[in-house]
Amino acid sequence: MPEDFQPRQAQQALDNHFNSIAAQYNTTTEWRRNKEIISWFQQYLGKQNHCLDLATGTGIVGGQLQERTRNFVVGIDRSWEMVRLAKLILNQAVCAEALMLPFPNASFDAVSVRQFLHYTD
């Protein structure tokens, strides 16, 4: 990493980016609506689980899982604008840091993660 790298500035840039695109997020790429991906998650998660959707964004994928599997889906995202939209879809949505989860250990039976790890150190 460059010596002048500023993690807080990078985090702020990500926050600004995702807050600014939240309204159009669901239409920006096809994979968010890809039935094959959703079916795979559905088969893996099974039914009637308590699921954490990490980096949920607007909740579009977690909402489909919730609808198709009867899972109780909690979304977490660091973008307050994404969480505002996810609250319209998911059982629960929380604005928090994914690396500092605000839940007790063993709160979830499964975790779904898509676009997240490449934003971590």
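Reply: Ask away. Keep in mind that this is a predicted model.

Me: What makes up the secondary structure of the chain?

Reply: The chain has 4 helices and 4 strands. Read from the N terminus, the order is α-α-β-α-β-α-β-β.

Me: How much of the chain counts as buried?

Reply: The chain has 121 residues, and 40% of them count as buried. Its accessible surface is about 7700 Å². Carbon and sulfur atoms hold 52% of that surface.

Me: What share of the contacts between residues at least 6 apart joins residues at least 24 apart?

Reply: That share is 56%.

Me: Which residues have the most contacts inside the largest nonpolar core?

Reply: They are Leu 45, Val 61 and Leu 65, in a core of 13 residues. Helices α2 (35-45), α3 (60-69) and α4 each supply at least two residues of this core.

Me: Why is the pair of Phe 103 and Phe 108 called edge-to-face?

Reply: A search for aromatic pairs gives a count of 1. The ring centres of Phe 103 and Phe 108 are 5.1 Å apart, and the planes stand at 90°. The cut-offs are 6.5 Å for the centres and over 60 degrees for edge-to-face. Phe 103 and Phe 108 are both buried.

Me: How do you know that Glu 97 and Arg 78 form a salt bridge?

Reply: Their closest N and O atoms are 2.9 Å apart. The limit is 4 Å, so the contact qualifies. This pair links distant parts of the chain, 19 residues apart. Glu 97 lies in the loop between β3 (92-95) and β4 (110-113). Arg 78 lies in the loop between β2 (72-77) and α4 (80-86).

Me: Why is Glu 97 called partly exposed?

Reply: Its relative accessibility is 30%. Buried needs under 20% and exposed over 50%, so Glu 97 falls in between. Arg 78, at 27%, is partly exposed too.

Me: How many salt bridges does the whole structure hold?

Reply: The search finds 2. One of them joins the side chains of Arg 84 and Glu 81, at 2.5 Å from N to O. That value is within 4 Å, so the label holds. Both residues sit in helix α4, 3 residues apart, or about one turn of the helix.

Me: Is Glu 81 buried or exposed, and what makes it so?

Reply: Glu 81 is buried, because its relative accessible area of 13% is under 20%. Arg 84, at 45%, counts as partly exposed.

Me: How many disulfides are found?

Reply: The search returns 0 disulfides. As for cysteine burial, Cys 51 is buried, because 1% is under the 20% limit. Cys 95 has 42%, so it counts as partly exposed.

Me: Why does Thr 56 count as buried?

Reply: Its relative accessibility is 2%, and the limit is 20%, so Thr 56 is buried. Thr 56 is found in the loop between β1 (50-54) and α3.

Me: Which residues is Thr 56 in contact with, leaving aside neighbours within four places in sequence?

Reply: Thr 56 is in contact with Gly 75, Ile 76, Asp 77, Ala 86, Leu 90 and Arg 114.

Methods
Residues numbered from 1 in each chain as written. Predicted model: local features only at pLDDT ≥ 70, side-chain atom pairs only at ≥ 80, totals over all residues. Heavy atoms only, no water. Phe/Tyr/Trp six-rings, centres within 6.5 Å; stacked < 30°, edge-to-face > 60°. Buried < 20%, exposed > 50% of the residue type's maximum accessible area, 1.4 Å probe, protein only. Disulfide = S-S within 2.5 Å. Contact = heavy atoms within 4.5 Å. Areas by Shrake-Rupley, 256 points an atom, 1.4 Å probe, with all protein chains shown as cover. Core = buried A, V, L, I, M, F, W, Y, C linked by side-chain atoms within 4.5 Å.
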